[in-house]
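Trainee: I'd like a close look at one part of this protein, the pockets, with enough background to know where I am. Could you walk me through it?

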Amino acid sequence: MMIINNKFRHTFHLMPKYGWMNDPNGFSEYNGIYHLFYQYYPYGTEWGPMHWAHAVSEDLITWKHLDIALAPSLEFDRNGIFSGSALQVGNEHWLYYTGHTDTYLDKAYDPSFKKIEEEVKEDQPIIRQVQCLATSKDGENYTKLNKPVIGTEQLPKFIKPEDFRDPKVWMHHETFYMVVGAKSVNDEGHVLFFQSSDGLKWDYLNNLSLGREYGTVWECPDLFELDGKHVLMFSPQFKPRMGHKFENVYSTMALIGSFNYESGEFTIESEKELDQGFDYYATQSLLNSKGERITVAWMNMWLIKYPLHEGNHGWNGSMTLPRVLSCENGVLKQNPIKEIEKYRKNKISHHEMVIDGELKNEHFNGYCQEFEMKIDMSSSTEFEIRLYESEDERFIIKLDKKNSFISMNRFYTKLPSMSTISPHDFTRSCPVQLDDKVTLRIFVDVSSVEVFINDGEEVMTSLFFSEKHSDAVVFASIGKTVISEFNKYEIEVK
Ligand code: FRU
């Protein structure tokens, strides 16, 4: 039996009641209700054979959990229902997912397992990923098609059949389009574009790669139109760092430009890392009936050991706050969805609040809250917001004017979130000019912090766990920092 420890559970972020969660899947509006599926392993708090869990919502903040929608059951998805997307087709809800098979896992479950299409050399697993479809007439019960809609035989020769996953499907003028993540035989990340007239029979259209500098596998791609531009989002594995950009081993980024539906060519005008914190991956979007493009991502990261599994918390994984996207003069902005404001309580406001040295006030403390701040550092050099503050544990958001960046530091804790490959990696930084005024919106939810900078020009997201788990907030300034407008709200979701 799994015992759930509530100590670090969020209150206004979607998370499983128990078990392991990763990527958002099938994020869609179907018959006027939001559906969000996610990668799920119900039998443990580490990744295992993937299922699609299912939650529904009217405002993307309060969620109702439904039964698991998809579980491994067929020859071609027997080792996992990997990530994918959903859309409404007529009156039906269609889920496109990746069927994952892995002869190594077959052997792990059944050492005598022999039934595989190719001869398996000892210790050489054969992994295959194919694109599949399941449909529903009620948004609760899903029936799988008995064969994949795109098999590995449709792949261009330069793509590895073991890294071909995460289909995102959308309609453009009566035609279905699909973008899928992939890796080439020379280990470069790619996306592949397919098109179809009926959503069942698909033709290969084109591919895009930017070479090894952009990572090895491109996971969870998504393509959409936004304010007259096209945006291609994806999550590259092992994209090398560039200064303070792409500091995570796995990143999430967007290319902004234009997509030619005839040729399947994407022309790039600019690129952007979507979040400069520690914990943001595999983002997926939907277009709602109000015309808003909304994203959600897994608020977590591969190759980091969080203290949840070892600490027997009974759960592991959560989603970010949904964000609404806009593109102003080619600049992509991400802001928290408006609906969160319905849950604000007990507002505290200050004007021209001057901080010189340390400022503590128990009215600032709390586990579930939002801060809005307009900050003027013309008479200061550094300003810090310390969360979860106790004698030797704290999470620090630092505004460093001289070096022009905002950073997050999660070093000071007895329950560290440790990178499994770079053990001294406890800060993330985001270049921001601090000579002018800077605005911050910070959401704190028990063990998570999301910081929206300058009306969504940059975002930094991080989890934080500490032993004492204090709710104290401290502001600290070197020189005089003036908060010209300060609002604090509690966020209460029942
Ligand atoms: C991204 C990812 C996807 C895959 C899924 C498996 O986090 O690796 O590419 O479909 O997770 O759970």
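Predicted model: local features only at pLDDT ≥ 70, side-chain atom pairs only at ≥ 80, totals over all residues.

Trainee: To start me off, what percentage of the contacts with a separation of 6 or more comes from residues 24 or more positions apart? After that, please take me to the largest pocket and tell me what lines it.

Mentor: The share you asked about is 63%: that is how much of the protein's contacts with a separation of 6 or more comes from residues 24 or more positions apart. L332 gives you an example to click on. Leaving aside neighbours within four places in sequence, L332 is in contact with several residues, including L226, A254, L274, G456 and E457. With a relative accessible area of 1%, under the 20% cut-off, L332 counts as buried.

Now zoom out for a moment. The protein has 32 strands and two helices. Its radius of gyration is 23 Å, close to the 23 Å that the globule rule gives for 494 residues, so the protein is as compact as a globular protein of that length. Along the principal axes, the C-alpha trace spans about 70 × 50 × 45 Å. Of the 494 residues, 61% count as buried, and the accessible surface comes to about 20100 Å², with 49% of that belonging to carbon and sulfur atoms.

On to the part you asked for. The largest pocket holds about 740 Å³ of space, and 35 residues line it. To find its centre on screen, pick W20, N22, W47, Y250 and W302, the lining residues that lie nearest to that centre. Several elements give two or more residues to this lining, among them β1 (19-30), β9 (159-172), β13 (218-226) and the helix α2 (307-310). The largest share, four residues, comes from β9. Sorted by class, the lining has 14 nonpolar, eleven polar and ten charged residues.

Keep β9 selected, because you'll want β9 again: β9 also gives the most to the lining of the second largest pocket, this time with five residues. That second pocket has a volume of about 580 Å³ and is lined by 27 residues, with W170, M171, L286, L287 and R293 lying nearest its centre. The elements giving two or more residues to its lining are β1, β5, β9, β13, β17 (281-287) and β21 (323-328). By class, the lining of the second largest pocket has 14 nonpolar, seven polar and six charged residues.

Most residues other than glycine have a negative phi. S404, which is not a glycine, has a positive phi of about 55°, and you'll find S404 in the loop between β25 (395-400) and β26 (405-409). N346 also has a positive phi, near 50°, but N346 sits in strand β23, residues 344-360. Back in the loop between β25 and β26 there's N403, which is partly exposed with a relative accessible area of 43%. From N403 to L95 is 47 Å in space, C-alpha to C-alpha, and 308 residues in sequence.

Technical notes. Residues numbered from 1 in each chain as written. Heavy atoms only, no water. 1 Å grid on protein atoms, 1.4 Å probe; cavity = no way out; pocket = protein on both sides within 12 Å on 5 of 7 lines; lining within 4 Å. Points joined across faces, edges and corners; volume = space filled by probe spheres on them. Nonpolar A, V, L, I, M, F, W, Y, C, P; charged D, E, K, R; others polar. Rg over C-alpha atoms; globule rule 2.2 N^0.38 Å. Buried < 20%, exposed > 50% of the residue type's maximum accessible area, 1.4 Å probe, protein only. Contact = heavy atoms within 4.5 Å. Areas by Shrake-Rupley, 256 points an atom, 1.4 Å probe, with all protein chains shown as cover.
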